[in-house]
Amino acid sequence: MNRERRYWLFKSEPSCFSFDDLGSRPNGTEHWDGVRNFQARNLLRDEIKPGDGVLFYHSNVPDPAVVGIARVVREGYPDWTALDPAGEHFDPRAGRNNPIWYMVDVRYVKPLARPVTLAELKMHPEVADMVLLQRSRLSVQPVTPAQWEFILRLGGIHEPFNL
DNA sequence: GCCAACGTTGGC
DNA sequence: GCCAACGTTGGC
């Protein structure tokens with residue numbers, strides 16, 4: 001039995017990992033590691049499934065914006081970067097039998113025809129209750145189908161496409 | 001670089 | 001289990 005496709009917004013600082021970086025990975029695919037917030041972890045571990053849509057958002061830049069569309073291609077699995085003492089995402093509490101942190105794999109789909117900035121989103125009542133506007137610090141967050149459609153339209157994506 | 005929001009830690 | 005201190009995020 002097939003679950004309805006769900007939608008998400010993933011934030012990334014482009015100086016660290018940009019949407020173009022995702023596009024240049026083999027198969028346009030990369031694991032989304034380094035999330036160290038329990039609310040986001042729960043989504044990655046339990047809720048986010050292959051086939052789901054992802055809005056790729058650039059944070060910590062002069063014009064923070066949704067810049068592209070990606071798709072989930074692998075469901076949650078342990079984030080091994082927490083186990084690497086030399087890595088910046090190391091967490092001494094994590095172990096092989098106690099992963100604590102999870103990640104999914106995402107694949108590049110396509111950029112928006114034009115980025116949809118945070119400033120622009122704030123002007124539209126249709127997306128006023130987005131998590132992005134209410135609890136902006138959450139780095140992995142749910143998006144409703146209506147919000148997804150609205151943002152894609154703002155971003156100049158009108159034709160249907162396959163995720 | 002500042003600072004508000006807010007999640008996490010740790011003393012009690 | 002409360003709550004103050006502290007650290008991080010991220011918009012501006």
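User: What burial class does Ala40 have, buried or exposed?

Analyst: A residue counts as buried under 20% relative accessible area, as exposed over 50%, and as partly exposed in between, with a 1.4 Å probe and protein chains only. Ala40 has a relative accessible area of 0%, and is therefore buried. The model is predicted: local features need pLDDT of at least 70, side-chain atom pairs count only at pLDDT 80 or more, and totals for chains, interfaces and linings use all residues. Residues are numbered from 1 along each chain as its sequence is written, chains are lettered from A and ligands numbered from 1 in the order in which they are written, and side-chain values use heavy atoms, with hydrogens and water left out.

User: Where does Ala40 lie, and which residues does Ala40 touch?

Analyst: Helices (H or I, at least four residues) and strands (E, at least two) are DSSP runs, numbered from the N terminus. Ala40 belongs to helix α2, residues 38-47. Contact means heavy atoms within 4.5 Å. Leaving aside residues up to four places away in sequence, Ala40 touches Val35, Leu138, Ser139 and Val140.

User: What is the place of Leu118, and why does Leu118 count as buried?

Analyst: Leu118 is in helix α3, residues 118-121. Leu118 counts as buried because its relative accessibility is 18%. Its contacts, again without residues up to four places away in sequence, are Tyr57, Pro64, Ala65, Leu132 and Leu133. For a sense of distance, the C-alpha atoms of Leu118 and Arg96 are separated by 39 Å, although the two residues are 22 apart along the chain.

User: Which residues surround DNA strand C?

Analyst: A residue is near a strand if one of its heavy atoms lies within 4 Å of it. Around DNA strand C are Lys11, Tyr57, Ser59, Asn60, Pro64, Leu118, Lys122, Ser136 and Arg137. To sort such a list, Ala, Val, Leu, Ile, Met, Phe, Trp, Tyr, Cys and Pro count as nonpolar, Asp, Glu, Lys and Arg as charged, and the others, Gly among them, as polar. The surface near DNA strand C has three nonpolar, three polar and three charged residues.

User: Which residues surround DNA strand B?

Analyst: DNA strand B has Asn37, Phe38, Arg93, Gln134 and Arg137 around it. Sugar and phosphate make up 69% of the atoms of DNA strand B that come within 4 Å of the protein. By class, the surface near DNA strand B holds one nonpolar, two polar and two charged residues.

User: How many residues line the largest pocket?

Analyst: On a 1 Å grid over the protein atoms alone, a pocket is an open set of points where a 1.4 Å probe fits, with protein on both sides within 12 Å along at least five of seven lines; lining residues have an atom within 4 Å of a point. The largest pocket has 20 lining residues, and Lys11, Cys16, Asp33, Gly34 and His89 lie nearest its centre. Strands β1 (7-12) and β2 (29-31) are the elements that give two or more residues to this lining. The lining divides into four nonpolar, eight polar and eight charged residues.

User: Which helix gives the most to the lining of the second largest pocket?

Analyst: Helix α5, residues 145-154, gives the most, with four residues. The lining of the second largest pocket includes Trp148, Glu149, Leu152 and Arg153. In total, this lining has seven nonpolar, one polar and four charged residues.
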